[in-house]
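Notebook open, model loaded. I'm jotting down what I look up, in the order I look it up.

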There are 2 protein chains.
Amino acid sequence: MKPSNDLAALFNPRSVAIVGASANPAKMGYRYLHQLIQFGFEGKLYPVNPAGGFILGLPAYKSFKDLPAPVDYVISAIPANQLPQLIHDCAAKDVKLLQLYTAHLGETEHGKDLEQQIIKIARDASIRILGPNCMGVYNPRTKLTFRLGWPKEAGDVAFISQSAGHTAEAVYRAARRGLRFSQVISFGNAADINEIDLLQYLAEDNNTTIIAAYIEGLKAPHRFHQVLETTARKKPVVLLKGGRTPAGRRATLSHTGSLSSGDVLWSSLMKQCGVVAVSSIEELVDLTLAIHNLPQPKGINVGAIGSGGGLSVSLADECESRGLVLPAFPPEIMSQIQELMGKDSAMVKNPVDTSVIFPAGWTGSEVKRIFQLMVEHPDFHMFLVDAGEWSLDSPEEIPRYHELMGIFREVAKGLGKPAVIVTRTGDAPEEWRWQAAMEAESQCFRDGLTIYPSLPRAANALSRLVGYYNERATNSVS
Amino acid sequence: MKPSNDLAALFNPRSVAIVGASANPAKMGYRYLHQLIQFGFEGKLYPVNPAGGFILGLPAYKSFKDLPAPVDYVISAIPANQLPQLIHDCAAKDVKLLQLYTAHLGETEHGKDLEQQIIKIARDASIRILGPNCMGVYNPRTKLTFRLGWPKEAGDVAFISQSAGHTAEAVYRAARRGLRFSQVISFGNAADINEIDLLQYLAEDNNTTIIAAYIEGLKAPHRFHQVLETTARKKPVVLLKGGRTPAGRRATLSHTGSLSSGDVLWSSLMKQCGVVAVSSIEELVDLTLAIHNLPQPKGINVGAIGSGGGLSVSLADECESRGLVLPAFPPEIMSQIQELMGKDSAMVKNPVDTSVIFPAGWTGSEVKRIFQLMVEHPDFHMFLVDAGEWSLDSPEEIPRYHELMGIFREVAKGLGKPAVIVTRTGDAPEEWRWQAAMEAESQCFRDGLTIYPSLPRAANALSRLVGYYNERATNSVS
């Protein structure tokens with residue numbers, strides 16, 4: 001029998017065995033089982049531990065051979081030297097996928113031979129290996145997970161990563177800003193299932209509309225190039241390459257045993273394939289969010305709302321230093337603002353500085369009307385709103401802050417043009433302020449709006465969004 | 001009588017009058033008074049309002065002329081057209097500084113003439129003007145403030161800014177990371193007291209060891225160049241230039257009436273003067289923090305602790321792509337690690353990946369010892385520790401997180417070499433996680449340690465710190 005290439009089936013198991021399951025909360029064999037139970041995994045769970053007894057209320061099997069039924073998916077948290085025997089046992093139970101949390105294999109000098117041996121045995125036994133040295137699969141549809149704090153709702157973003165730590169960073173930050181995942185796959189050393197398999201699978205996966213990836217090294221560079229190109233034609237791919245520097249490459253070698261090649265080669269590869277290259281997990285989340293949430297901009301002109309004079313200046317500088325343009329208001333908008341505000345209209349420019357409108361005695365309704373004039377005008381292709389926090393100097397000001405946020409949400413919702421809102425939850429120094437901004441953010445993403453934690457990051461996202469579509473147009477012409 | 005050039009005296013008033021004081025909490029004339037009372041301003045407070053009566057428990061004077069005594073410092077929250085009369089009245093009361101919250105002056109077409117007229121009247125009356133169109137002075141030593149949420153303790157960082165919004169951003173973020181201010185001066189249109197006066201004053205101010213500045217335009221470019229150069233020789237200057245782009249320049253014009261010149265000119269000016277140029281308020285805070293807190297690095301080698309395999313790779317990439325170097329461990333460190341950890345020592349590299357040490361059964365004491373070996377070795381000039389958050393998947397893991405943070409603090413405290421710690425409070429999606437990280441951060445800065453909210457920002461800070469001292473060395477040679 002040939003090992004299955006149907007990763008969709010492999011990542012949607014009806015039964016999972018945890019080999020090396022443990023009653024000790026400090027052990028990963030406990031955590032895997034605990035998380036699957038708590039998260040509500042919908043299939044059968046079989047803990048395996050030589051001591052038998054019960055673990056977290058489930059009967060533990062003393063040996064893998066004792067399992068009462070075939071099992072789709074096996075998580076290994078046992079030492080590497082026990083793997084050859086485990087794979088033989090797995091074959092007898094019709095196991096399709098063995099996920100190896102087990103490490104100390106290809107990423108170490110002494111484990112390289114054993115890793116190759118294991119892969120060979122698994123191939124002969126028609127079992128696919130995920131890892132070794134990986135955390136496995138988060139699939140919110142079937143409630144398979146390796147992390148308890150992640151959302152239970154499924155979405156359409158896929159993230160594949162040779163680093164599990166990066167998945168934690170990315171999913172927390174993305175989830176908080178409204179992104180949900182079709183699956184997250186931590187694939188470690190990629191000794192069997194690798195970046196090529198995963199891209200091919202995700203390119204066809206109907207639950208996935210965008211692919212984010214963290215890759216340290218390649219098993220088959222030429223094939224990868226082809227597959228990346230084909231995949232990126234079907235779906236946006238946002239890629240963080242690990243090991244772009246000498247010390248970074250040394251670190252990939254001891255992390256996943258990956259030999260990474262130079263940054264220049266990768267940069268041109270990604271450019272050729274129309275892949276969105278990022279330099280950090282923050283940027284990976286920022287750009288995945290932008291490309292996932294926002295429609296294609298029809299030009300480079302930004303209509304902006306700033307929160308104060310200096311912040312409006314910074315907003316403009318951040319955008320225009322990245323190739324975007326904040327045009328002055330066209331006469332037809334100016335005349336309407338004049339009608340609305342009389343002589344105070346001279347203060348209203350792009351970016352609109354809300355701090356000069358409010359003290360002049362004007363209210364939210366003027367801000368709303370001006371914002372509407374911008375979004376309806378064909379000269380403005382994108383929108384950047386700075387929610388500010390000047391108004392959040394004390395808890396009494398929270399209602400006013402939410403009122404203004406409500407106006408922004410109302411105008412920006414379902415707009416058909418890219419619009420992003422900058423909130424500053426992240427750096428909030430007090431709990432009440434953090435809560436106020438968190439609430440505003442939740443309301444934003446419930447309304448489908450896209451939030452960024454700072455002006456530089458918002459401007460970068462809009463600028464790279466434009467670049468992504470330009471690159472795509474160029475690639476499809478050439 | 002000549003108007004006073006002694007800004008130290010001007011910014012440390014014994015009495016403050018608020019003209020346009022109001023009982024309406026929505027008005028700035030209320031907020032100024034309320035904030036000064038709540039913050040505990042130590043001098044006398046005189047509200048002035050034509051209606052008289054009591055405001056916030058203090059007797060309000062119907063006219064400025066009615067004030068029972070001379071007054072040092074006057075805050076104006078009245079319309080611009082009433083200013084000429086106010087200045088005449090101020091002269092009679094021996095006022096030294098008039099701070100104009102009042103706006104609609106030089107930053108508007110119709111207000112330019114009036115602004116010039118006011119400055120002339122003030123000069124004739126020997127009164128200095130701060131603003132117009134500014135929030136004024138925060139001086140924690142005398143409890144003068146224009147913001148209630150800021151720290152009451154004084155420090156040695158000065159921030160001068162043509163934007164009050166930027167002061168709010170900067171002080172919150174800096175304060176949360178342990179910086180405290182000698183003073184923050186929002187100086188708006190800079191019609192009288194300008195960036196030159198303020199730099200000269202701060203260069204001599206014994207309470208100030210580092211100067212951060214946000215400047216939109218210059219009144220006297222050549223003189224500014226000289227003063228900036230002299231000041232930067234005495235104390236580090238971190239400078240954000242507003243209006244680096246066409247739309248940014250349009251925005252400075254309507255914000256503070258500032259004519260800003262091009263980015264290229266400014267860049268070379270700042271480089272020549274040894275000024276730390278930044279492109280955002282985040283970076284202004286990040287670099288002020290680094291230069292304020294950290295000693296001069298003796299080289300470019302970074303010893304690092306990563307939080308997981310992928311994060312260690314990213315840490316290395318972030319540093320080395322910015323010109324820093326993460327050298328491999330020298331033999332004398334390797335041999336000690338070997339003694340400590342036996343065959344597992346092969347996993348320990350620079351960056352040290354804590355996630356491979358812990359699962360191997362090793363504890364915090366090994367991490368501590370390895371970190372100590374690095375900090376004691378002359379080959380390592382700087383240290384970057386990623387506290388990570390992988391371990392914060394559930395509240396039960398908080399004690400373990402704090403234990404590890406404690407180890408980092410203990411080793412890094414009072415080190416004599418630059419050391420920074422990355423925490424990720426900002427993006428924490430849940431309150432318990434936010435609280436845990438906030439607590440860890442507070443403990444860090446109480447111990448004098450320097451925290452950054454992400455790997456890119458930490459690496460940027462260390463790299464720019466090296467650049468700052470290199471630049472200084474070059475400038476003093478030439």
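This is a predicted model: local features need pLDDT of at least 70, side-chain atom pairs count only at pLDDT 80 or more; totals for chains, interfaces and linings use all residues.

How many residues of chain B are in contact with chain A? I get 76 residues of chain B, touching 76 residues of chain A.

**Confidence.** I checked the scores before going further. Chain A averages a pLDDT of 92, and 97% of its residues score at least 70. For the complex, the predictor gives an ipTM of 0.94, with a pTM of 0.95.

**Symmetry.** Next I asked what rotation superposes chain B on chain A. My note reads 180 degrees, with 0.0 Å of shift along the axis and an RMSD of 0.0 Å. The two copies are therefore related as by a two-fold rotation axis. Both copies also use the same surface, since 100% of the contact residues of chain B recur in chain A.

**Interface.** I then looked up the area. Chain B and chain A bury about 5900 Å² between them, and 51% of that is on carbon and sulfur atoms. For polar contacts across this interface, I have 23 residue pairs, both partners at pLDDT 80 or more. The salt-bridge rule finds six across the interface of chain B and chain A.

**Cysteines.** Is B:C444 buried or exposed? Buried, with a relative accessible area of 0%. I looked up B:C273 as well: its relative accessibility is 5%, so B:C273 counts as buried too, the cut-off being under 20%.

Conventions:
Residues are numbered from 1 along each chain as its sequence is written. Chains are lettered from A and ligands numbered from 1 in the order in which they are written. Side-chain values use heavy atoms; hydrogens and water are left out. Copies are superposed by least squares on the C-alpha atoms of residues with pLDDT of at least 70 in both. Contact means heavy atoms within 4.5 Å. pLDDT is the predictor's confidence in each residue, from 0 to 100. Buried means under 20% relative accessible area, exposed over 50%, partly exposed in between (1.4 Å probe, protein chains only). Buried area is the accessible area (1.4 Å probe) that two parts lose on being put together, summed over both. A salt bridge is a side-chain nitrogen of Lys or Arg within 4 Å of a carboxyl oxygen of Asp or Glu. A polar contact is a pair of N or O atoms within 3.5 Å; within protein, one must be able to donate a hydrogen and the other to accept it, and residues adjacent in sequence count only if both atoms are side-chain atoms.
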